[in-house]
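Please examine the fold displayed below, together with its sequence. The paragraphs that follow lead from single positions to the wider arrangement of the chain.

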Amino acid sequence: TPQPGEERDGRMNAPRVPSRRLEFLDAIRAIAALAVMVAHVTELWPGGKDFVGRFGFGSAGVVAFFLVSGYIVPFSLERQNDLRKFWIGRFFRLFPLYWTMLAIVFAVAVLRPESFAFARQLRETGASVWLDNAAMLQWWTGRPSMIGLGWSLSFELGFYVFVSLL
């Protein structure tokens, strides 16, 4: 095996530059994402939720994400050493896609209210529920989540606040 700086096949073997990412955490996140995806996809066919639910794929994936975030978020904040940049990065990581999904849910709720059980809740509670959801505060305010899976983002946002205060 040639050492860094030695010639191999007419080329110099460049020294390996250490990655700033922790690849093993990316692998855990990929496995967690796959577990959550399997849990949600199996909800689409009869009996699938019962079968996969026995193994707890969804719960295990969410817990894995939270554990990885518990390590990465403080590490990221410490590395950046700039609370403003940290929040700008987190904002653009979470909100644009979330707001896009919320807009789709809103459009479907208006056009086909029978498609969503919460359409009735929307008429009863009004715009404040949507505002809580748009700000990802629904988990903290006890309001219904317009995107059922949005509870984890609301929880994650609270974790960002907690870490920022520390």
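Alanine 109 is located in helix H4, which covers residues 83-111; helices (H or I, at least four residues) and strands (E, at least two) are taken as DSSP runs and numbered from the N terminus. With a relative accessible area of 6%, alanine 109 is buried. The terms applied here are buried for under 20% relative accessible area, exposed for over 50%, and partly exposed in between, with a 1.4 Å probe and protein chains only. The C-alpha atoms of alanine 109 and methionine 146 are 9.6 Å apart in space, although 37 residues separate the two in sequence.

The model is predicted: local features need pLDDT of at least 70, side-chain atom pairs count only at pLDDT 80 or more, and totals for chains, interfaces and linings use all residues. Residues are numbered from 1 along each chain as its sequence is written, and side-chain values use heavy atoms, with hydrogens and water left out.

The protein contains 8 helices and 2 strands. Along the sequence, these elements follow the pattern β-β-α-α-α-α-α-α-α-α. Of the 166 residues in the protein, 27% are buried.

Val129, Trp130, Asp132 and Asn133 are its buried residues named here. They lie on the same side of H6, because the arc they cover around the axis is only 160°, an arc being that of the directions from the helix axis to the C-beta atoms. Ala127 and Leu131, on the other side of H6, are exposed. After H6 comes methionine 136, which is in the loop between H6 and H7.

Which two side chains meet in a salt bridge? They are those of aspartate 132 and arginine 143, at 3.8 Å from N to O. A salt bridge requires a side-chain nitrogen of Lys or Arg within 4 Å of a carboxyl oxygen of Asp or Glu, and a search of the whole structure finds 1. Because aspartate 132 belongs to H6 and arginine 143 to the loop between helix H7 (138-141) and H8, the pair ties together parts that are 11 residues apart in sequence. Aspartate 132 counts as buried at 15% relative accessibility, whereas arginine 143 is partly exposed, with a relative accessible area of 31%. In general terms, side chains of opposite charge can pair when their charged atoms come close.

Leucine 44 lies between helix H1 (23-41) and helix H2 (48-53), and its relative accessible area of 72% makes it exposed. Together with Leu34, Met37, Val41 and Trp45, Leu44 forms a nonpolar patch on the surface, with about 550 Å² of accessible area together. Patches consist of residues with over 30% relative accessible area and no salt bridge, with like charges joined within 9 Å and nonpolar side chains (Val, Leu, Ile, Met, Phe, Trp, Tyr) within 5 Å; accessible areas come from the Shrake-Rupley method with a 1.4 Å probe, and for residues only the protein chains shown count as cover.

The loop between H2 and H3 holds phenylalanine 55 and glycine 56. Phenylalanine 55 is exposed at 54% relative accessible area, while glycine 56 is partly exposed at 23%. For glycine 56 and valine 36, 20 residues apart in sequence, the C-alpha to C-alpha distance is 9.3 Å. In the loop between H3 and H4 is asparagine 81, which has a positive phi of about 55° although it is not a glycine.

Finally, the largest pocket has a volume of about 1,100 Å³. A pocket is an open set of points on a 1 Å grid over the protein atoms alone, where a 1.4 Å probe fits, with protein on both sides within 12 Å along at least five of seven lines; lining residues have an atom within 4 Å of a point. Grid points are joined across faces, edges and corners, and the volume is the space filled by probe spheres set on the points. The lining comprises 36 residues, and Val36, Phe65, Leu149, Ser152 and Leu153 lie nearest the centre of the pocket. At least two lining residues come from each of H1, H2, helix H3 (57-80), H4 and helix H8 (151-165). H3 supplies the largest share, 10 residues.
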